[in-house]
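Welcome, and please take a moment to look over the model before reading on.

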Amino acid sequence: MKRTSSQKYRFGRREFLGISGGVAVAALTGLARPSAALAADKSISGVMPGVVLPDSARAIVEKATGVKVENVPYVSPTDTVAKLLAPGGTSRYDLMISVTEFVKGPVLGQNAGAEKIRPFDLSKVPNVADLQTIFKDQVQQRDGKTYMIPVFWGYDSPLYRTDVVPEADAVTQSWGLLFDDKYAGKTALRDDAYQSIVATALHLGHSDPAAMSASDLEQVKRFLISKKKNFRTLWTKFAEAVNLMSTGEVVAMYGWMPMRAALQRSGVAVTNAWPKEGLLIWNQAAFIPKDSPNAALTESVVNAMLSPEFGIALAKDSNYGPVSQKAIESFSVDEQKKLGLDATTRGVKLYSMKWPTDMNTWIEAWGAFKAA
């Protein structure tokens, strides 16, 4: 299993206050720990995308553990870090799930002893033994202790309406679809500094957006401003994005795998692109805030999330990829292709989400684009 190395990052007060339009306030108010009565009923609070626990997968977790997971509103990986680093954040939540490569630096800290999260008792998480090899390498350890365990994986890509945008059009296999003047006023980005800037940078030819120089970031900002008229809107919520596509208000957008799944289940002619510049791939790991009083309950929940039953249910409901070897083996080659679970084997370039050199400047650039 992989041992983490020191990682340089910046995450200061200015950034914290600027994230996601007031996340700092939300993190400090209205999101108190569950009541003592709830705790007695075996519940934990979890900061994670809601689509991680669809009804089918939630039922598996609750049946296996007897623990209820109370979802805290989720915005983004950046927001998750902000919640954890806010005053009282290490005791306010029990479970967090977010993009491994992106959040590991801030949550682990530069050196041993600086961790904002606590190590797992692996005797309480036996299903970790069934991780696919590729995800065993993503388990985050320090000094022999395990702090982060991947629980699912996926990718972000352009989604588009095949009844409007011809699948044979080469632009459908590029992030450039979101910026193409042919679809001006009919595309949408996510209102997220990190994800939208990465997608734009990949389109502009930057092979490692997280390592961009200040001049590179300036180029990305100027390009976004030049294309601003092409965007119908910047979506912020899952349901909002799905509605934009289902009504035809937009014909292409930055999207997630479960959005594609939801739209296809509703009969909307939609698919995802396989951008030649690089598919934005990631895995999300579970970690426990350092001062959570419910670590044992949380470990039982994480163990259930590593089970093949959970992985199968999640893949069928949201199309997200299971980390369990037994789960992935339960799908045929054709089923994996249909669900998009063949991303790592189909030959497309892959780019992993990771923390930028200076997140502050990215947030400032995104703010300047929005204000332009």
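For the linings described here, Ala, Val, Leu, Ile, Met, Phe, Trp, Tyr, Cys and Pro count as nonpolar, Asp, Glu, Lys and Arg as charged, and the others, Gly among them, as polar. This is a predicted model, in which local features need pLDDT of at least 70 and side-chain atom pairs count only at pLDDT 80 or more, while totals for chains, interfaces and linings use all residues. Residues are numbered from 1 along each chain as its sequence is written, and side-chain values use heavy atoms, with hydrogens and water left out.

Grid points are joined across faces, edges and corners, and a volume is the space filled by probe spheres set on the points. With this rule there are 2 cavities of 30 Å³ or more.

The two spaces in the table are described one after the other.

| Space | Volume | Lining residues by class |
|---|---|---|
| Largest cavity | about 120 Å³ | 9 nonpolar, 2 polar, 2 charged |
| Second largest pocket | about 260 Å³ | 8 nonpolar, 5 polar, 2 charged |

In the largest cavity, 13 residues form the lining, and Y74, Q195, W256, Q284 and Y320 lie nearest its centre. The second largest pocket has 15 lining residues, with Q138, I281, W282, N283 and S352 nearest its centre. Two or more residues of that pocket's lining come from each of helix 7 (100–108), helix 8 (133–136), strand 11 (279–289) and strand 13 (350–352). Strand 11 gives the largest share, 3 residues. Helices (H or I, at least four residues) and strands (E, at least two) are DSSP runs, numbered from the N terminus.

**Helices**

How many residues of helix 12 are buried? Buried means under 20% relative accessible area, exposed over 50%, and partly exposed in between (1.4 Å probe, protein chains only). In helix 12 (residues 257–265), 7 of the 9 residues are buried, so this helix is largely enclosed by the rest of the structure. They are M257, P258, M259, R260, A261, A262 and L263. After helix 12 comes G267, with a positive phi near 85°.

Helix 4 (residues 55–65) and helix 13 (residues 295–305) have axes that come within 9 Å and cross at roughly 130°. Helix 4 is therefore oblique to helix 13. Axes are lines fitted to C-alpha atoms, for helices over the stretch in contact, and angles run from 0 to 180 degrees between N-to-C directions. Angles under 35 degrees count as roughly parallel, over 145 as roughly antiparallel, 65 to 115 as roughly perpendicular and the rest as oblique.

**Single residues**

Most residues other than glycine have a negative phi. D143, not a glycine, has a positive phi of about 50°; D143 sits in the loop between strand 5 (140–142) and strand 6 (145–161) and is exposed at 56% relative accessibility. N319, also not a glycine, has a positive phi of about 75°. The loop between helix 14 (308–318) and strand 12 (321–322) holds N319, which is buried at 4% relative accessibility.

P54 lies in the loop between strand 1 (43–47) and helix 4, and P54 is buried, with a relative accessible area of 10%. P54 and L314 are 260 residues apart in sequence, yet 7.2 Å apart in space, C-alpha to C-alpha.

Key: 1 Å grid on protein atoms, 1.4 Å probe; cavity = no way out; pocket = protein on both sides within 12 Å on 5 of 7 lines; lining within 4 Å.
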